[in-house]
There are 2 protein chains.
Amino acid sequence: MSAFSVKLGAAIRRRRQALGLSQEALAALAGVNRTYLGEIERGAVDVSALYLQRIADGLDLKLSELIRLYEEDSRGN
Amino acid sequence: MSAFSVKLGAAIRRRRQALGLSQEALAALAGVNRTYLGEIERGAVDVSALYLQRIADGLDLKLSELIRLYEEDSRGN
């Protein structure tokens, strides 16, 4: 578990919750196993770029926009 | 091998070449095995977000900037 994965996962969770989506709903939208999505959100796994792209799609973001959410949160840390 | 991985790898290669870096040099900067970097650039592997972050660092880009290079290249495809 890395600080990077934890912060990236937290950014995904915040965006999902801001959209009012359950983990089940986002997992279905993104075509990702719900258990795996939970691990990604906790930063327990190092998500692959391809899955990250699918999750960004499910969150109605470009992948660069999802990454920017993480970067904005990490600024100054 | 996915179209996503191929285009992302091509964006990494273009940026590396624009900086005048060899694969060996970028691999050393990013702390990534050179053979693995070659596979990433060819799109033969689905790179993890953590490795992608290291490669962006080696290319002197924020991760979101590296992803934007890929997205700009893919526009309209």
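Reply: First, a term you'll need: pLDDT is the predictor's confidence in each residue, on a scale from 0 to 100. It matters here as this is a predicted model. Chain A has an average pLDDT of 94, and 96% of its residues score at least 70. For the model as a whole, ipTM is 0.86 and pTM is 0.90.

Let's take helix 5 of chain A, residues 63-74. Among the elements of chain A, helix 5 has the lowest mean pLDDT, at 92, while helix 2 (residues 23-30) has the highest, at 98.

Start with its length. Helix 5 of chain A has 12 residues, and at 1.5 Å a residue they should span 16 Å. The end C-alpha atoms are 17 Å apart, which agrees.

Now, which residues of this helix are tucked away? In helix 5 of chain A the buried ones are A:Leu63, A:Ser64, A:Leu66, A:Ile67, A:Tyr70, A:Glu71 and A:Ser74. Viewed down the helix axis, these buried residues fall within an arc of 160°, so they line one face of the helix. There's a handy bit of background for that pattern. An α-helix has 3.6 residues a turn, so residues three or four places apart point the same way.

What covers that face? From chain A, the cover includes helix 1 (3-18) and helix 4 (49-58). From chain B, it includes helix 1 (3-18), helix 4 and helix 5 (63-74).

B:Gln53 counts as buried because its relative accessibility is 14%, and the cut-off for buried is under 20%.

Now look across at helix 5 of chain B. Its buried residues are B:Leu63, B:Ser64, B:Leu66, B:Ile67, B:Tyr70, B:Glu71 and B:Ser74.

B:Asp73 forms a salt bridge with B:Arg14, with N and O 3.8 Å apart. That pair links distant parts of the chain, with B:Arg14 in helix 1 and B:Asp73 in helix 5, 59 residues apart. B:Arg14 is partly exposed, at 39% relative accessible area, and B:Asp73 is partly exposed as well, at 34%.

Stepping back to the whole contact between the chains, 17 residues from chain B and 17 residues from chain A take part. The area buried between them is about 1,400 Å², and carbon and sulfur atoms give 63% of that. B:Phe4, B:Ala49 and B:Leu50 supply 31% of the area that chain B buries against chain A, more than any other three residues.

Definitions and conventions
Residues numbered from 1 in each chain as written. Chains lettered and ligands numbered in written order. Predicted model: local features only at pLDDT ≥ 70, side-chain atom pairs only at ≥ 80, totals over all residues. Heavy atoms only, no water. Buried < 20%, exposed > 50% of the residue type's maximum accessible area, 1.4 Å probe, protein only. Helix = DSSP H or I, 4+ residues; strand = E, 2+ residues; numbered from the N terminus. Expected span 1.5 Å × (residues − 1). Arc of directions from axis to C-beta. Contact = heavy atoms within 4.5 Å. Buried area = accessible area lost by both parts, 1.4 Å probe. Salt bridge = Lys/Arg side-chain N within 4 Å of Asp/Glu carboxyl O.
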